[in-house]
Amino acid sequence: MLKVSRLLHPRHIRNQLLHKKLPGEDVKGSIWQNAINTFAAFSTVRQDVVADGKREGRVFAPYSVFKGKAALSAEPRLPTFNRLDSGGVKLNRRGVIMLTFWPSVGERKYDWEKRQLFALSATEVGSLISMGTRDSSEFFHDPSMLSSNAGQVRKSLSIKPNADGSGYFISLSVVNNNLKTNDRFTVPVTTAEFAVMRTAFSFALPHIMGWDRFTNRPSESISQSPSKVVPQLMEAEWDR
């Protein structure tokens, strides 16, 4: 019984998946290989964080779609809070839905090192989940929009329906004049895949706003003093 329990332990199963190789292929970043087999999958990774002086398990569960020319994943990034002297907590940074795009470099091969990120705010999530079958949405991000460096780096995300109504094209364009680069990714998603995203985003929306704090136990890092903020453990949009 002990041997069987070890074989069924989540850590043992996860290790098998992480080391699984596709026949005749060398896909960089083995964490995605099991998802590539199905082309649309959930993957989960646990990472410990410190909250109120205690170590807690944190789960990352991106929804990923792999297509011929590029791949797309989406996952919520929860907000962070400051602890007040009164004992309460105050929102420090709102959460987002982080979209990650990375290009295909061959049949069922994707280059994770060339990934680009786009962080959807709560309002942008609202635009996406309210889209009809013939609606389009487009979002523009510029980290230096209000400064003299405006336009040096800009990102645009567009979501447009297919002509036959069978799904959407989700495209990301990243222009970096500093590095003289212009990256573009387009991932076609089916109606079913978009329905998964819409439903998941609707569920995540109050969580990235921090409103789940009113009814649920805190699930994200909280600083132990008003002036101290727990550092982010994951990539931000403008890290890429």
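**Entry 1: ground rules.** I note that residues are numbered from 1 along each chain as its sequence is written, and that side-chain values use heavy atoms, with hydrogens and water left out. The model is predicted, and local features need pLDDT of at least 70, side-chain atom pairs count only at pLDDT 80 or more, and totals for chains, interfaces and linings use all residues.

**Entry 2: the whole chain.** I looked up the elements and found 5 helices and 14 strands. Helices (H or I, at least four residues) and strands (E, at least two) are DSSP runs, numbered from the N terminus. Of the 240 residues in the chain, 38% are buried; buried means under 20% relative accessible area, exposed over 50%, and partly exposed in between, with a 1.4 Å probe and protein chains only. Among contacts with a separation of 6 or more, 51% come from residues 24 or more positions apart. Contact means heavy atoms within 4.5 Å.

**Entry 3: the sheet.** I followed an open sheet of 4 strands, and its order is β11-β12-β13-β14 with antiparallel pairing. Two strands pair if DSSP finds at least two bridges between them. β11 (137–141) and β14 (181–190) are at the edges with a single partner strand each, so one side of each has no neighbour in the sheet. From one strand to the next the twist averages 10°.

**Entry 4: strand by strand.** I went through the pairs in order.

- β11 and β12 run antiparallel and are joined by 5 bridges. Phenylalanine 139 has leucine 157 in β12 as its bridge partner.
- β12 and β13 pair in the antiparallel sense over 9 bridges. Here leucine 157 stands opposite leucine 172 in β13. Their hairpin has 5 residues between the strands, and glycine 165 takes a positive phi near 75°.
- β13 (residues 167–176) and β14 pair over 10 bridges, also in the antiparallel sense. Isoleucine 170 stands opposite valine 187 in β14, and tyrosine 168 has valine 189 as its bridge partner there. This hairpin has 4 residues between its strands, and lysine 180 in the turn has a positive phi of about 60°.

**Entry 5: the helix on the sheet.** I then checked what α5 lies across: β12 (153–161), β13 and β14, and it runs at about 105° to β14. Axes are lines fitted to C-alpha atoms, for helices over the stretch in contact, and angles run from 0 to 180 degrees between N-to-C directions.

**Entry 6: the helix pair.** Helix α4 (residues 122–129) packs with helix α5 (residues 191–209) at an angle of about 150°, with the axes 10 Å apart. That makes α4 roughly antiparallel to α5; angles over 145 degrees count as roughly antiparallel. From α4, the contact is made by Ala122, Val125, Leu128 and Ile129; the α5 residues in it include Phe194, Arg198 and Phe201. By class I read 9 nonpolar, 1 polar and 1 charged residues. Ala, Val, Leu, Ile, Met, Phe, Trp, Tyr, Cys and Pro count as nonpolar, Asp, Glu, Lys and Arg as charged, and the others, Gly among them, as polar.

**Entry 7: one residue.** I picked isoleucine 129, which is in helix α4. Is isoleucine 129 buried, partly exposed or exposed? At 22% relative accessibility, isoleucine 129 counts as partly exposed. Leaving out residues up to four places away in sequence, isoleucine 129 touches Arg198, Phe201, Ser202 and Leu205. Isoleucine 129 and arginine 198 are 69 residues apart in sequence, yet 5.1 Å apart in space, C-alpha to C-alpha.

Methods:
Parallel < 35°, antiparallel > 145°, perpendicular 65-115°, else oblique.
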